[in-house]
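Let's take a walk through a protein fold together. Have the structure open and follow along as we go from one part to the next.

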Amino acid sequence: PILHVDMDSFFVEVERLGRPGLVSKPVAVGGVGPRGVIASASYEAREFGVRSAQPTATARRLCDELIVIPPDHARYGDVSADVFAIFRSFTPLVEGLSLDEAFLDVGGLRLHFESPVAVGEAVRKEIRAQLQLPASVGVAAVKFVAKLASEAAKPNGLRHVAREDQKEFLRGLPASAMWGVGPATMAALERLG
């Protein structure tokens, strides 16, 4: 069993830790200048169409109440180290993908937890208890499906896709949901039908 743990709106949530007035407001972390780009957006901001990798000027047009905070990469790195320490407190088999997401092989925990889902819930609970941060977890037999399951679990949830349910789960997703499918690959897939 593989867990994919993905911290929800990581940069924004780290900023909210020290600023409770930002909770429940449309917030983004990114460049504030004329050529700035959004690095992370809260779910409240996403409701207006604000997304990461979007020009800040576009984001501000979409959401006039948007609060944009300059990034503090040193702080995010420190909190990321704490998150990964929690991951490694469960298993040494951690494959990091970025500051805020990783795969965890939890097969060795079958004698300590009743199921991989229980491990996923315990990881989420520990992150919340120690760091006051939300995380989404996908549980599956393979990394590809676990990553898609964590996306389906957002925000702040857990989604388990059993091995026998993998095909049905994947069948319900658009090709654009696949990990690694960007605009060019999506256009090629659409041409192929």
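Predicted model: local features only at pLDDT ≥ 70, side-chain atom pairs only at ≥ 80, totals over all residues.

**A sheet, a helix and a core**

Begin with strand E2 (residues 27-30), which runs parallel to E4 and is joined to it by three bridges. Strands here are DSSP runs (E, at least two residues), as helices are (H or I, at least four), numbered from the N terminus. Two strands count as paired if DSSP finds at least two bridges between them.

Residues are numbered from 1 along each chain as its sequence is written, and side-chain values use heavy atoms, with hydrogens and water left out.

Now widen the view. Three strands make an open sheet in the order E3-E2-E4, with mixed pairing. Strand E3 (38-41) and strand E4 (67-69) are at the edges with a single partner strand each, so one side of each has no neighbour in the sheet. From one strand to the next, the twist averages 30 degrees. H1 packs on this sheet and touches E2, E3 and E4; contact means heavy atoms within 4.5 Å.

What angle do helix H1 and helix H4 make where they pack? The angle between H1 (residues 10-17) and H4 (residues 73-90) is about 95 degrees, and their axes are 10 Å apart. Axes are lines fitted to C-alpha atoms, for helices over the stretch in contact, and angles run from 0 to 180 degrees between N-to-C directions. That makes H1 roughly perpendicular to H4, a label used for 65 to 115 degrees. Among the residues in contact are Phe 10 and Val 14 of H1, and Tyr 76 and Val 79 of H4.

Next, look inside. The largest nonpolar core has 32 residues, and Phe 10, Phe 87 and Ile 127 are among those with the most contacts inside it. Such a core is a set of buried Ala, Val, Leu, Ile, Met, Phe, Trp, Tyr and Cys residues joined through side-chain atoms within 4.5 Å, where buried means under 20% relative accessible area (1.4 Å probe, protein chains only). H4 gives the most to this core, with seven residues.

Finally, visit helix H8 (residues 183-192), which is hardly covered: one of its 10 residues is buried. Just after H8, Gly 193 takes a positive phi of about 80 degrees.

Note on methods. Parallel < 35°, antiparallel > 145°, perpendicular 65-115°, else oblique. Buried < 20%, exposed > 50% of the residue type's maximum accessible area, 1.4 Å probe, protein only.
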